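I opened a new notebook page today.

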Amino acid sequence: MSIFEEWWLPIQTMIDNREPLNFFQNIYKEIYMNAIKDDRWLLYLDGLWVTLQVSFFAILAGTALGTILAVLRLPEVTELKYRGTNPMKKIGVAILHFLSGFAKFYIDLIRGTPLLLQVLIINFGIFGSIRIEKAIIGVIACGLNSAAYVAEIVRGGIMSVDKGQTEAGRSLGFSGPSTMLWIILPQAAKSALPSLCNEFIALIKETSILSYIALTELTKAGDYIRSRTYSAFTPYIISGALYLLLTLILTKLIGRMERRLRASDH
Amino acid sequence: MKKIVALMLALMLALSVAMAAAETITVAFNPEYPPFESVDGKEYVGYDVDLIKAVAEKAGFEIEFEAMDFDAVIAAVQTNKNTIGVSGISITEERKLSVDFSDGYINAGLIVIIKKDSGYATTDDLKGKTIGVQLGTTSDFAAEEITGQSNVAQYKTFLSAIMDLQGDKVDAVIVDKPVGMAILASLKDDSLEIVDMGLQADWYGIEVNKDNPELLEKINAALKELEAAGFYEELAVKYFSTEEEAKAE
């Protein structure tokens with residue numbers, strides 16, 4: 001018998017005899033029921049692991065897709081004009097304009113509707129009759145959602161880079177796209193980083209919505225334990241503390257990255 | 001301007017006095033569980049809704065309904081003395097540790113909904129399969145015993161589980177018998193079928209806060225009267241397609 005159970009037994013006896021518990025006994029009862037009994041703490045860790053995985057891949061997908069959307073929305077693309085006669089180039093410009101319009105539509109659509117509805121539509125609608133891991137649906141839904149926000153953050157970052165940088169790149173012989181990739185985007189990333197950190201934190205917390213499609217992530221782990229112990233809120237406090245831990249670690253990592261990037265400021 | 005403010009204040013005062021006058025009991029429930037409770041237009045309807053209205057009339061208290069997720073109902077009852085839970089809630093020993101229960105008013109029974117072509121017939125067939133349920137219900141506990149905790153997909157609403165069964169994301173759904181019957185009758189989806197695997201079910205009861213034994217007594221007395229007057233059979237005829245399904249006796 002573990003020490004926790006030894007502490008528990010007298011309290012159990014008191015509950016059976018309907019004796020009132022004091023403040024500390026009540027707290028221990030909550031902790032024992034919601035974390036220790038039946039090794040329930042493992043369920044929180046399982047949930048944390050799922051949340052971590054889904055968030056990580058959703059952030060990767062969202063950042064990649066968001067950056068593409070951001071570039072498509074730049075004035076260099078939306079105001080691109082071609083007055084020559086090469087039909088291939090004409091078609092190319094038309095396609096770019098179409099993609100740019102789609103990017104704007106996509107961002108408006110995703111930002112303008114709740115994530116919960118997007119998750120439900122993706123699960124029950126788009127993947128309605130396809131057997132697919134719930135975690136993958138979660139990554140897709142959260143990634144697609146995050147991309148819209150990341151796009152605007154990255155666009156802001158790119159716009160904040162001085163125009164002279166582009167001109168410098170072009171005059172050094174870089175093509176338009178490689179100026180963007182090697183000169184503008186790295187500098188944009190630096191100024192966008194604090195806002196991106198914000199978005200990543202929001203994304204981690206928003207994965208809690210995935211409990212609606214029966215993915216056992218961190219919030220759901222708390223929900224599950226609550227449905228077994230009938231504690232009003234203790235499991236939520238434990239889940240909440242783990243979310244906080246996760247976001248604090250992320251904040252720390254990004255803070256460190258920001259300092260590294262600042263080292264190049266002279 | 002001053003007059004309007006004065007008027008508002010007077011109105012608020014009058015309202016608060018009126019509210020304090022009648023004893024109002026909040027009914028916490030999850031109206032996504034036909035035929036026991038659901039929303040029809042703007043009205044709450046169903047077996048439980050009719051029952052608690054009749055109980056309130058007999059016992060002499062006012063009720064107001066408050067819709068929430070099923071797993072939130074018990075916490076609402078626990079934390080508020082004047083809240084009762086009427087939501088197709090089975091009486092279980094674990095729940096009795098947190099709340100008091102009225103006498104049972106119906107034993108609905110559990111059934112399993114599967115895809116016809118899967119051909120599952122017994123609980124052994126479901127071992128290791130993914131079973132969809134509504135979180136915190138007796139179906140949830142039954143599913144956990146059959147297939148193990150990690151294979152149970154727990155949804156906020158029972159309907160989501162059915163939709164994932166249709167979409168092949170779960171292999172079976174466990175639910176209370178009348179609810180399963182009702183949903184299949186309205187879905188008209190021939191690929192689904194109901195199998196009775198002899199799962200043990202519990203009686204439904206009304207959840208009452210542990211600090212309100214007077215209310216519990218009133219409710220039990222009202223239930224007894226209603227049962228004697230044949231109200232349970234009336235409800236069974238109204239809400240279940242055949243009387244046999246209800247097994248009210």
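Predicted model: local features only at pLDDT ≥ 70, side-chain atom pairs only at ≥ 80, totals over all residues.

**Ring pairs.** I began with the rule: rings of Phe, Tyr and Trp (its six-membered ring) pair if their centres lie within 6.5 Å, and planes under 30 degrees apart count as stacked, over 60 as edge-to-face and the rest as tilted. By this rule I find 19 aromatic pairs over all chains. One of them joins Phe102(A) and Tyr106(A). This pair is tilted, at 6.2 Å centre to centre with 35 degrees between the planes.

Residues are numbered from 1 along each chain as its sequence is written, chains are lettered from A and ligands numbered from 1 in the order in which they are written, and side-chain values use heavy atoms, with hydrogens and water left out.

**Where the first pair sits.** I looked up helices (DSSP runs of H or I, at least four residues) and strands (runs of E, at least two), both numbered from the N terminus. Phe102(A) and Tyr106(A) share helix α5 (residues 87-111) of chain A. They are four residues apart, about one turn of the helix. Next I checked exposure with a 1.4 Å probe on protein chains only: buried is under 20% relative accessible area, exposed is over 50%, and partly exposed is in between. Phe102(A) is partly exposed at 41%. Tyr106(A) is buried at 12%.

**A pair in chain B.** Tyr47(B) and Tyr105(B) have ring centres 6.3 Å apart and planes at 20 degrees, so I logged the pair as stacked. Tyr47(B) lies in helix α2 (residues 47-59), and Tyr105(B) in the loop between β6 (100-101) and β7 (106-107). Tyr47(B) is buried at 0%. Tyr105(B) is buried, also with 0%. Both belong to a cluster linked by ring pairs, along with Phe36(B), Tyr204(B), Tyr239(B) and Phe240(B).

**Domains of chain B.** I took the bounds from an automatic or database domain assignment. Domain 1 covers 2-107 + 204-246, and domain 2 covers 110-195. Their contact (heavy atoms within 4.5 Å) takes 17 residues from domain 1 and 16 residues from domain 2.

**Lys156(B).** I found a salt bridge (side-chain nitrogen of Lys or Arg within 4 Å of a carboxyl oxygen of Asp or Glu) between Asp69(B) and Lys156(B), at 3.9 Å, N to O.
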